[in-house]
Amino acid sequence: MTRPQTDSDAEKADAAIAGAAIDWLVRLQGETVTERDWLDFDAWLTASPAHARAYDAALAFDHGLDLDARFAEGQPVEAPSLTAKVVPLRSTRRVWLWSAGAAIAAAFVAGAVLLPDGGLMGARETTYVTGVGQRRTIALEDGSRIEMNAASRMTVRFERHARRVRLDDAQAFFDVAKDTSRPFLISAGDTEVRVVGTRFDVRRRDGQVAVNVQRGLVEVRPGLSGDAASFRLRPGQGLAHREGLAADAKLQAVAVEEVAGWRQGRLIYRDQPLSQIAGDMNRLFPRPVKLGDAATADMRLSGVLIVDEQDAMVDRLSHLLPVRTTTTEDAIVIRTR
């Protein structure tokens, strides 16, 4: 017969979780931390909301940060990213953290945390825009870099507990600096991206959202509902869906060297409609490309277009697809042959 769990058992379990959180914090800020450590930490962190709450408590004590009201209410808070800044702990700080372990465990068991006062870091929001044919590289204050494709709009907001990016009509390649205390979160329409890795591409165009990973780990949740499934993408994996149709999200293999090929002047298509290709060209050149009819717009292409002169790109399309083009001073019209 199984013995019922007592309050004492629950307190011991919570104290054990709090102790594990302290172990992880010390381990991940050590000089010998490895990629395997980060993967193991991610598995532990996501195994239970209690693990995330305990780690946040340990992190808050270590950095003198506040936890938001959700933690005080016993609700899970956003788990820290795997992209932590690896900084060796000074010996005195390491001893202090371990000596604070009992206090952290006690606070976690009680369901609330008393923290030292810390100066609030005011949220700072900046909007970046690129025009037709323009690309831009943004160096953020945390060391992250974002390369924006043409005709894109993006807003970056640095908060106390998170770094947030909102993509409107945009495509961008992210190289994210590590910082456990502030996860890097991206919203693109109905899709949320949490960085647990470093280099990846996000595209939100014409109601379609796609995320492709070049290096590291990226967590993607298509759909705004709380019960939407999350996907863990590794290098060479991508996820695409139409906004509002999260159930249609498809995990697919992508060539690592092809992720964000636009950065090297190559537009790479895998069974994409001509309407998307025309849209991409219209973000590169001021003279619009127009499609003659719906049948032309629905034609599919798999191949690579080198980005150079607009007329040369259109001419290549006429060799890849059964289309003919008519060029005027105002537009280029593509029709089915």
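The model is predicted, so to speak with care: local features need pLDDT of at least 70, side-chain atom pairs count only at pLDDT 80 or more, and totals for chains, interfaces and linings use all residues. Residues are numbered from 1 along each chain as its sequence is written, and side-chain values use heavy atoms, with hydrogens and water left out.

**The largest pocket**

- The largest pocket has a volume of about 1200 Å³; a pocket here is an open set of points on a 1 Å grid over the protein atoms alone, where a 1.4 Å probe fits, with protein on both sides within 12 Å along at least five of seven lines.
- Its lining counts 35 residues, a lining residue being one with an atom within 4 Å of a point.
- Ala210, Ala240, Gln252, Gln272 and Gln276 lie nearest the centre of the pocket.
- Two or more lining residues come from each of strand 9 (199–205), strand 10 (208–215), strand 13 (237–242), strand 14 (250–253), strand 15 (266–273) and helix 7 (274–284); helices (H or I, at least four residues) and strands (E, at least two) are DSSP runs, numbered from the N terminus.
- Strand 15 contributes the most to this lining, with eight residues.
- Sorted by class, the lining holds 13 nonpolar, nine polar and 13 charged residues, with Gly counted as polar and Asp, Glu, Lys and Arg as charged.

**Helix 7**

- Helix 7 is largely enclosed by the rest of the structure, because eight of its eleven residues are buried (under 20% relative accessible area with a 1.4 Å probe, protein chains only).
- The buried residues of helix 7 are Leu274, Gln276, Ile277, Ala278, Gly279, Asp280, Met281 and Arg283.

- Seven strands make an open, antiparallel sheet in the order 2-3-6-9-10-13-14, where two strands pair if DSSP finds at least two bridges between them.
- Strand 2 (136–139) and strand 14 are the edge strands, each pairing on one side only.
- From one strand to the next, the twist averages 20 degrees, taken between N-to-C directions of lines fitted to C-alpha atoms, on a scale from 0 to 180 degrees.
- Strand 2 runs antiparallel to strand 3 (residues 145–148), and four bridges join them; Ile138 has Ile146 of strand 3 as its bridge partner.

**Strands 1, 4 and 5**

- Strand 1 (residues 124–129) pairs with strand 4 (residues 153–158) in the antiparallel sense over six bridges, and Arg124 is partnered by Phe158 of strand 4.
- Strand 4 also pairs in the antiparallel sense with strand 5 (residues 163–167), over five bridges, with Val165 of strand 5 as the bridge partner of Val156.
- Four residues lie between strand 4 and strand 5, which form a hairpin.

Key:
Grid points are joined across faces, edges and corners, and a volume is the space filled by probe spheres set on the points. Buried means under 20% relative accessible area, exposed over 50%, partly exposed in between (1.4 Å probe, protein chains only).
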